[in-house]
Amino acid sequence: MLKILGALLVIGSFTGIGMTQRQQFRRRVIALGDMLSALDMISAELSFHLTSIPDIVAKLAADTRSSICGLFQPMQQLMRQDDNLSMTFKWMKSMREYGASVGLTQDDVVILCDLAEFIGKYDVQAQLNSIAYAKTRLAKQLDIASMEMKSKGNVYRTCCVAAGILLVLVLI
């Protein structure tokens with residue numbers, strides 16, 4: 001009885017490891033999709049309402065349904081501080097410090113940091129052009145992440161289950 005229980009625990013733990021790895025791929029896909037939606041919202045606010053960037057960040061931080069609100073809430077707090085730091089610095093700091101926690105990779109963060117060079121600095125059309133370019137780059141990253149989730153996610157899950165079964169067979 002103990003052997004069976006131990007075998008189930010080993011297989012279950014290895015399965016959990018595989019599922020966790022697959023979940024990380026899924027988390028990145030969701031974060032990239034939400035970031036593309038946020039960039040669409042920023043574009044719309046800039047082009048139709050001429051909303052200021054701090055107000056847009058406040059709206060994005062308030063949207064708790066989005067997986068990336070963890071990026072915009074700290075950014076909003078940084079913007080509220082009167083420390084004479086530029087909007088670009090605050091955007092980049094938030095992306096670099098909290099990007100990984102919402103599921104973005106270093107490449108995704110670099111794209112968003114590149115965008116920071118234009119947000120809030122130039123005229124609306126230049127900002128919209130830079131947002132469109134960032135959206136194109138992030139859409140490519142989303143396609144890559146989706147393919148990785150489909151292929152590598154299933155491989156991780158299957159390999160971990162197989163490794164658990166193999167370990168049980170070796171131990172028996």
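Q: What does contact mean here?
A: Contact means heavy atoms within 4.5 Å. Gln76 touches Val57, Ala58 and Ala61, leaving aside residues up to four places away in sequence. This is a predicted model, where local features need pLDDT of at least 70, side-chain atom pairs count only at pLDDT 80 or more, and totals for chains, interfaces and linings use all residues. Residues are numbered from 1 along each chain as its sequence is written, and side-chain values use heavy atoms, with hydrogens and water left out.

Q: Where is Gln76 placed, and is Gln76 buried or exposed?
A: Helices (H or I, at least four residues) are DSSP runs, numbered from the N terminus. Gln76 lies in helix H3. Buried means under 20% relative accessible area (1.4 Å probe, protein chains only). With a relative accessible area of 17%, Gln76 is buried.

Q: At what angle do H2 and H3 pack?
A: Axes are lines fitted to C-alpha atoms over the stretch in contact, and angles run from 0 to 180 degrees between N-to-C directions. Helix H2 (residues 53-62) and helix H3 (residues 69-80) pack at about 140 degrees, their axes 8 Å apart. That makes H2 oblique to H3; angles under 35 degrees count as roughly parallel, over 145 as roughly antiparallel, 65 to 115 as roughly perpendicular and the rest as oblique.

Q: Which residues make the contact?
A: From H2 come Ile53, Pro54, Val57, Ala58, Leu60 and Ala61, and from H3 come Cys69, Phe72, Gln73, Met75, Gln76 and Met79.

Q: Which residue takes a positive phi just after H1?
A: Leu50 does, with a phi of about 55 degrees.

Terms used. Helix = DSSP H or I, 4+ residues; strand = E, 2+ residues; numbered from the N terminus. Buried < 20%, exposed > 50% of the residue type's maximum accessible area, 1.4 Å probe, protein only.
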